[in-house]
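Please read it with the structure open.

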Amino acid sequence: MDDLDMRGGLGGVMALTSGYAMKPLRVTDGSQHLAVVSDRAFADFGFAVTYERWRLYLNMDAPLVTQGESGTVGAYQFAAPSLDLGTAPDTLTDARIGLDARVLGEAGSHFRLGVGAQLFVSNGSRSYLDVNQQYHANYDTDGTYRAMGRVLVAGDVGMFTYAGHAGVHVRPLDDSPTPGSPQGSELLFGAAAGARLPVFGNRPWVLIVGPEIYGATAFRSFLQSTGTALEALLTGRLEEAADDGPQLRFRLGTGAGINPHFGAPEWRLVFGIELSDRTGKQAHRR
C-alpha cells in the first residue's frame, strides 16, 4: 500500500520490482479446472518525480516467464501462453502513467489523505499467430487503453503505520466469454498495517513488518464470490530513516490468494529495491 510520504523539494525515485505468481489464472465451469496461466515471473521498472505533495510516475512491466496449460473448459478452448527471455527478451506489457497527490496531512502525520489516477497505455495485442497459423495469447494485455482512479489513506501512530486505498479500474472491454469470468470495470480495495522497528547499526534503518490484504471485484458480479479476487501478503520493508538525501528501500512480500479466482494466484512472492533522492523542505525554501 502507498504511504503517501512525498515530501521536500524536487526529488526522484527509481525502483525495480520482481516477483513470481503460481497459477494466477485458472478457469473452471464447476466440474473442469484448467490453469491457463500456471507460472508467471515479471520485472517492473518504475520511475517517479516528486515535489512536495505531488508524485508523477511511469511503470513498465516486463514478463520474464509466462507459461500454462492448454485445454478445453465447457465449450471454450484455451491455448497455453509460452513466453520467456529466450523467445522475447525485449517484451514490455502495458505502461502505466500516474499522478498522485496528498491533499490532507503532512508526511509522517497520524492521518494522510490522497488521490491518484493512472492511465494504462496498451502495448501489443491480445493474441498472435504462431508459425502454424494458430492463435495464442500471453494474457498480459487486453489491447485497450484503461484508466484507474483511487482514494488513498495512510498514517503513522507511534511505532505503528497503516495505509489503504479504494478505487475504480475503468475497463472499456466487456466481451469476455470465459466461464465464470468477471466483465467490465471493477472496484479496487486494499489495506495494510505494520509495526516500525528500529534497526541499530552504523546507519539509521527502520524495518516495517505487517500484513496486506487487497483485491478487486467486477461491478457486474459484485454479489458473486467468483467475481472477486482477494489476496493477502505478509510484507517487510527495510528503509533508511532519512528525511532528505539519497535513501534506499528494500521490500519483500509473500502470500496467497484468499479467494484464488481471476488475478489472485495460489501464492505469490514479490521483491523490490528502490532508490530515492530528495531535498529537505528547508533547503527547498531557501
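**Notes on the model**

1. The largest share of the nonpolar patch, 5 residues, comes from strand 17. The patch covers about 880 Å² of surface. Its members are Met-14, Leu-16, Phe-45, Phe-47, Leu-252, Trp-267, Leu-269, Phe-271, Ile-273 and Leu-275. Strand 1, strand 2 (33-51) and strand 17 are the elements that give two or more residues to it. Leu-275 has a relative accessible area of 39%, so it counts as partly exposed.

2. Keep in mind that this is a predicted model. The protein has 1 helix and 17 strands. Of its 286 residues, 44% count as buried. The exposed surface comes to about 14800 Å². Carbon and sulfur atoms supply 63% of that surface. Take the contacts between residues at least 6 apart in sequence: 61% of these join residues at least 24 apart.

3. Which strands pair with strand 1? Strand 2 is one partner: the two run antiparallel and are joined by 16 bridges. Within this pairing, Gly-12 has Val-49 of strand 2 as its bridge partner. The hairpin of strand 1 and strand 2 has 4 residues between the strands. Gly-30 in this hairpin takes a positive phi near 105 degrees. Strand 17 is another partner, also antiparallel, over 12 bridges. Here Leu-16 stands opposite Ile-273 of strand 17. Both Leu-16 and Ile-273 belong to the nonpolar patch.

4. Strand 15 (residues 228-240) pairs with strand 16 (residues 245-259) in the antiparallel sense, over 10 bridges. Leu-238 has Phe-250 of strand 16 as its bridge partner. Strand 16 also pairs with strand 17 (residues 267-278), again antiparallel, over 12 bridges.

5. How many aromatic pairs does a search of the whole structure find? The count is 2. One of them joins Tyr-20 and Trp-267, with ring centres 5.2 Å apart and planes at 55 degrees, which makes the pair tilted. Tyr-20 lies in strand 1 (residues 10-28) and Trp-267 in strand 17, so distant parts of the chain are linked, 247 residues apart. Tyr-20 is partly exposed, at 24% relative accessible area. Trp-267 is partly exposed as well, at 35%. Trp-267 is also a member of the nonpolar patch.

6. The salt bridges come to 16. Side chains of opposite charge can pair when their charged atoms come close. Arg-53 and Glu-106 form one of these bridges, at 2.5 Å from N to O. Arg-53 is in the loop between strand 2 and strand 3 (54-67), and Glu-106 is in the loop between strand 7 and strand 8. The two residues are 53 residues apart in the chain. Are they buried or partly exposed? Arg-53 is partly exposed at 26% relative accessibility, and Glu-106 is partly exposed at 40%.

7. Arg-146 and Asp-94 also meet in a salt bridge, at 3.0 Å from N to O. Arg-146 lies in strand 11 (residues 146-157) and Asp-94 in the loop between strand 6 (82-84) and strand 7, so the pair ties together parts 52 residues apart in sequence. Both Arg-146 and Asp-94 are buried.

8. Glu-274 forms a salt bridge with Arg-249, with the closest N and O atoms 3.8 Å apart. Glu-274 is in strand 17 and Arg-249 in strand 16, so the pair ties together parts 25 residues apart in sequence. Both residues are buried. They also belong to a network of salt bridges that links Asp-3, Arg-237, Glu-239, Arg-249 and Glu-274.

9. Two further residues deserve a look. Ile-97 is in strand 7 (residues 95-104). At 40% relative accessibility, Ile-97 counts as partly exposed. Beyond its sequence neighbours up to four places away, Ile-97 touches Tyr-57, Leu-58, Ala-117, Gln-118, Leu-119 and Val-121. Ser-109 is in the loop between strand 7 and strand 8 (112-121). Its relative accessibility is 19%, under the 20% cut-off, so Ser-109 counts as buried. Leaving aside neighbours within four places in sequence, Ser-109 contacts Gly-155 and Asp-156.

Conventions. Residues numbered from 1 in each chain as written. Predicted model: local features only at pLDDT ≥ 70, side-chain atom pairs only at ≥ 80, totals over all residues. Heavy atoms only, no water. Pairing = 2+ DSSP bridges. Buried < 20%, exposed > 50% of the residue type's maximum accessible area, 1.4 Å probe, protein only. Contact = heavy atoms within 4.5 Å. Phe/Tyr/Trp six-rings, centres within 6.5 Å; stacked < 30°, edge-to-face > 60°. Patch = residues over 30% accessible without salt bridge, like charges linked within 9 Å, V, L, I, M, F, W, Y side chains within 5 Å. Areas by Shrake-Rupley, 256 points an atom, 1.4 Å probe, with all protein chains shown as cover. Salt bridge = Lys/Arg side-chain N within 4 Å of Asp/Glu carboxyl O.
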